Amino acid sequence: MISRTVLLLRIAFRNLMVSPINLLIGALILFGTLVFVLLGGLLDSLSRSMERSVVGSLAGHIQIYSAASKDDLALYGQFGNDSDLKAITEFPKIQEAISKIDGVQMVVPMGVSGALITSGNIIDLTLERLRDLVRARAGQGGREELTSLSKEELDAQIHAEILHLRQIIKVLRGDADRAMADMLSARAVDPHNLEALHRVEKDEFWDGFEADPLGTLEFLENRIAPIVTDTTLIFLRYVGTDLDKFQHSFDRMKVMKGQAVPAGQRGMLISDLIHEEQMKLKTARRLDKIKDALANGRVIATDDELKRFVKENRSQTRDIVLQLDALKTAEMVKALQDALGSKETELDHLLSALLDTTDENFQKRYDLFYALVTPRVRLYRVNVGDVLTIKAFTRSGYVRNVNVKVYGTFAFSGLEKSMLAGSTSLMDLMSFRDLYGYLTADKAEELKEIQKDTGAKTVSRENAEAELFGEGAEVVAEATPGIIDPDTAITSTGRRLREDDLIKRVYSQKELDDGVMLNAAVMLKDARQIDRVIKEIQRVSDEQNLGLKAVSWQKASGLLGQIINVFRVLLFVAVAIIFFIAMIIINNAMMMATIQRTQVIGTMRAIGAQRGLILAMVLIESVVLGVLFGGIGMLTGSGVLGAMAMKGIAAPNDVMYFFFSGPRLIPTVTTGPLVIALVIILFVTVASTFIPAWMATRISPLRAMQADE
Amino acid sequence: MSNGIVTIQDVEKEYSLGATVVKALRGVSLTVEKGEFISIAGPSGSGKTTLLNLIGCVDTATRGDVVVAGKNTAQLSERQLTDLRLNTIGFIFQSFNLVSVLSVYQNVEFPLLLQDKLSSGERKKRVESLLEQVGLNTHMKHRPNELSGGQRQRVAIARALVTDPLIVLADEPTANLDSQTGQAILDLMKSLNQQKGTTFIFSTHDHKVMRYANAVVRLADGKILGRESPELAVAHAVGMDAPAAPVQAAS
């Protein structure tokens with residue numbers, strides 16, 4: 001038996017050498033296998049690294065959500081929108097049921113939503129600060145750090161803010177004058193604004209401040225603030241979650257600035273990338289980016305993007321200028337004059353000169369900027385420790401206000417630069433529920449307080465919604481944009497309740513669990529158990545009537561999770577085409593070979609070879625061809641992958657950080673694509689040779705007798 | 001019925017060539033005894049090859065009985081016929097029919113591998129001894145295309161005899177060889193016949209070849225004209241062939 005197989009293999013090998021067409025077939029099979037193993041291996045590596053990214057950053061291994069939801073869950077959004085999910089209100093029961101399933105480590109409740117926040121322009125912020133100071137001085141309450149100040153200290157601070165405002169007005173006036181000097185842009189200057197600027201420039205206007213501070217502020221808010229148009233809207237996408245559980249389950253998460261939200265408390269962790277990209281002073285951000293680029297070997301002189309950054313830095317100095325009062329302006333002018341050895345007196349010109357960075361002076365200018373400029377300005381629009389008031393609109397049109405303290409920023413290690421992983425900030429569940437429109441116990445208490453204070457009208461409106469959401473009526477997820485509004489619509493009592501009580505309050509696990517959520521991440525002890533646990537969850541859900549739908553991280557990540565599969569399908573199609581062509585050629589070649597070998601096959605039959613041997617002989621021939629060249633293809637593909645793994649493939653851009661689960665993708669050679677390739681090769685060769693092989697078995701031994709002329 | 005190694009009784013063989021039916025054999029009876037060195041002679045189209053095919057179990061009769069080594073071939077399946085060929089019959093072909101991708105040694109070993117009865121050591125011994133007998137023990141590693149026609153036919157003889165068959169069938173074994181080489185091949189066949197007692201049945205239309213046989217069966221138009229001594233057969237054959245000779249020369 002063995003020697004017969006050896007004989008057939010020997011015949012196969014030797015026959016292969018005879019026919020040059022086998023070289024073409026071999027080349028096709030080699031190419032097909034190489035492409036399959038190489039790209040298949042890369043896709044597998046990509047899929048694994050993406051799994052690490054998705055599982056480790058937001059999704060967990062499995063996501064559960066209400067089966068009655070209108071949309072499928074798409075954690076990273078689908079076509080730019082968040083999914084419309086039906087709220088889950090029986091989390092403790094669900095958690096208990098799912099935690100019992102073997103292999104489940106933790107269930108982390110979640111809810112994804114978003115709000116549009118505007119941090120206000122610089123004049124808004126200054127006016128707000130001034131208003132708080134005036135209120136504190138008048139004993140009308142406010143933040144503790146203000147109310148604890150003495151009257152003298154408050155006076156001094158008010159004076160400083162007035163000087164700052166006057167400086168801003170001076171800058172605005174300068175802008176308007178320059179605009180007027182130019183015929184074209186002169187038309188764009190609103191005479192109404194010009195008149196207002198003219199008025200607030202004068203000392204008399206400010207002399208009246210002490211007599212009617214609030215009236216003065218109102219004028220500034222209504223007439224001057226709108227002139228400054230550099231307000232930035234930031235869309236803040238957040239996931240409301242049990243922050244403790246989240247931090248424990250997603251162990252790649254790390255706090256970058258500030259601290260974690262204290263256990264059980266309300267609070268937010270902003271994505272560090274959002275904080276850097278969207279909340280940092282643009283000039284500083286651009287300098288950071290140039291620094292990174294230079295470290296990566298790019299040069300300003302030839303790089304269009306870097307040139308643009310420098311140009312923008314030089315022209316867009318107003319962000320900085322407007323933030324400084326007269327005193328600070330003078331200080332900075334002096335400092336910059338010294339540093340640059342310049343006699344220039346205008347701050348914007350000095351800044352422009354400072355920021356005229358080249359490859360030679362960049363490091364020095366960068367250090368100067370961070371040493372002289374940033375300490376005097378607000379580097380981030382939102383700082384650690386700030387309290388953001390997030391105002392969200394529910395679907396029914398009512399407004400929800402929630403104050404959330406920003407405790408810090410966070411990132412997932414390896415994914416620091418990934419916009420996808422960094423697109424979502426974290427919020428505590430209680431704040432999330434408030435914004436979402438779910439009536440929490442302390443919200444109800446607050447409503448009572450408001451009722452007492454402000455009368456029935458407002459309350460009835462709030463109550464209407466409270467009842468709508470509070471009594472088990474259909475609760476719908478909201479992804480409506482909200483606005484951070486420092487002047488909350490709710491009166492001072494409600495505001496104080498939030499700031500002083502709610503922010504410090506520590507919630508019990510029961511309070512955290514007992515409320516609405518939209519979805520939950522299920523963390524497993526072993527990622528390979530995903531399919532089994534999904535089935536178990538579905539079974540438990542059906543048994544206990546929990547109405548849940550469980551999906552893998554891949555499905556939960558929406559379109560994103562499908563990308564690899566799309567590539568995989570494309571690869572399969574391409575490889576299928578290559579192998580299909582190979583099959584046709586093999587079929588033809590083997591048909592020809594069989595016809596040519598009629599006499600030899602007839603002779604073998606005459607001598608005593610059974611049909612099975614002839615079938616095996618022909619089949620083995622193409623299998624040997626396939627395995628030989630396919631094997632070379634596999635080895636080459638694995639070799640290339642292995643070579644790539646030595647250095648890793650650098651992520652070409654921020655998006656790829658997510659797919660690569662870090663700055664480099666280290667491809668690994670796995671048996672998966674190799675085994676599949678082998679199966680494909682065997683199938684292709686056997687299937688394409690089957691007809692010629694069968695034909696060969698039909699050759700009569702009589703053919704041996706016929707002379708071969 | 002005789003108890004010869006091959007017994008053929010009233011055999012007819014018909015082929016259909018399109019719409020017409022060709023009668024290749026029309027009532028042939030023949031008995032071949034063990035150890036005979038018998039020639040089947042006759043002109044082209046006389047039915048020599050058909051008769052050989054029936055004896056060689058590569059074809060079956062339309063009517064009549066063909067009994068080879070005690071087995072009636074009409075009653076055997078395709079598989080059994082193949083086994084019968086493998087274990088009982090050795091074939092020598094006019095155009096040698098060696099497997100070109102295999103070496104001399106491997107060609108000779110081939111039937112033993114099909115039989116799968118011997119160990120590789122026994123096979124080696126057997127193959128080498130046969131190649132020595134045919135005088136090719138120095139060419140074992142050669143490929144058939146590296147050999148002369150006579151050498152190839154000797155390889156084919158070794159292959160036919162390697163399984164120690166009862167019968168060796170040779171279809172015009174010398175037709176593709178020059179007369180000297182042909183004689184050498186026939187000498188070899190004859191000596192093997194005498195040494196081993198293997199029955200040889202070979203077809204030919206060459207009267208020089210017929211002389212080697214101990215009996216000649218003359219065929220014409222699908223019928224046996226007679227079973228006679230080589231001398232008589234040659235005389236008949238010369239008589240038969242004589243008128244044809246000028247025609248062949250003219251063509």
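Chain A exposes about 32000 Å², and carbon and sulfur atoms supply 58% of that area. Bear in mind that this is a predicted model. Of the 709 residues in chain A, 52% are buried. Salt bridges come up a lot below: over all chains the count is 47.

**Chain A overall**

- On the secondary structure side, chain A has 30 helices and 13 strands.
- Take the contacts in chain A with a separation of 6 or more: 78% of them are between residues 24 or more positions apart.

**Where chain A meets chain B**

- The contact draws on 27 residues from chain A and 28 residues from chain B.
- Which residues of chain A lose the most area to chain B? They are I607(A), Q610(A) and M705(A), and together they account for 27% of what that side buries.
- Two salt bridges turn up across the interface of chain A and chain B, along with eleven residue pairs in polar contact.
- Three helices of chain A, namely helix 1 (2-18), helix 27 (598-607) and helix 28 (611-647), each supply at least two residues of the side that touches chain B.
- Helix 1 of chain A gives the most to that side, with eight residues.
- Sorted by class, the side of chain A that touches chain B has 15 nonpolar, six polar and six charged residues.

- R605(A) sits in helix 27 of chain A, one of the helices that supply residues to the side touching chain B.
- Is R605(A) buried or exposed? It counts as buried, because its relative accessibility is 0%.
- The side chain of R605(A) makes a polar contact with the side chain of E78(B), at 2.8 Å.
- Leaving aside neighbours within four places in sequence, R605(A) is in contact with residues of chain A including Q610(A), R611(A), I614(A) and T697(A).
- I699(A) and P701(A) are also among the contacts of R605(A) in chain A.
- From chain B, the contacts of R605(A) are E78(B), T82(B) and R85(B).

- R4(A) forms a salt bridge with D116(B), and the closest N and O atoms are 3.6 Å apart.
- D116(B) is placed in the loop between helix 3 (104-115) and helix 4 (120-133) of chain B.
- The backbone of D116(B) is worth a look: phi is near 55°, a positive value in a residue other than glycine.
- With a relative accessible area of 33%, D116(B) is partly exposed.

**A positive phi at A69(B)**

- A69(B) also has a positive phi for a residue other than glycine, near 50°.
- The loop that holds A69(B) runs between strand 4 (63-68) and strand 5 (71-72) of chain B.
- A69(B) is partly exposed, with a relative accessible area of 31%.

**Salt bridges within chain A**

- E277(A) and R285(A) pair up through their side chains in a salt bridge, 2.9 Å from N to O.
- How much of that pair can be reached? E277(A) is partly exposed at 22% relative accessible area, whereas R285(A) is buried at 15%.
- R286(A) and E312(A) form another salt bridge, 3.4 Å from N to O.
- R286(A) lies in helix 13 (residues 282-295) and E312(A) in helix 14 (residues 304-315) of chain A, so this pair ties together parts that are 26 residues apart in sequence.
- Both R286(A) and E312(A) are buried.
- A salt bridge of 3.4 Å, N to O, also links the side chains of R539(A) and E536(A).
- About one helical turn separates R539(A) and E536(A), because they are three residues apart in helix 24 (residues 530-544) of chain A.
- R539(A) is partly exposed, with 40% relative accessible area, and E536(A) counts as partly exposed too, at 23%.
- Salt bridges that share partners join K257(A), D272(A), E276(A), E277(A), K280(A), R285(A), D288(A) and K289(A) into one network.

Definitions and conventions:
Residues are numbered from 1 along each chain as its sequence is written. Chains are lettered from A and ligands numbered from 1 in the order in which they are written. This is a predicted model: local features need pLDDT of at least 70, side-chain atom pairs count only at pLDDT 80 or more; totals for chains, interfaces and linings use all residues. Side-chain values use heavy atoms; hydrogens and water are left out. Contact means heavy atoms within 4.5 Å. Buried area is the accessible area (1.4 Å probe) that two parts lose on being put together, summed over both. A salt bridge is a side-chain nitrogen of Lys or Arg within 4 Å of a carboxyl oxygen of Asp or Glu. A polar contact is a pair of N or O atoms within 3.5 Å; within protein, one must be able to donate a hydrogen and the other to accept it, and residues adjacent in sequence count only if both atoms are side-chain atoms. Helices (H or I, at least four residues) and strands (E, at least two) are DSSP runs, numbered from the N terminus. Ala, Val, Leu, Ile, Met, Phe, Trp, Tyr, Cys and Pro count as nonpolar, Asp, Glu, Lys and Arg as charged, and the others, Gly among them, as polar. Buried means under 20% relative accessible area, exposed over 50%, partly exposed in between (1.4 Å probe, protein chains only). Accessible areas come from the Shrake-Rupley method with a 1.4 Å probe; for residues, only the protein chains shown count as cover.
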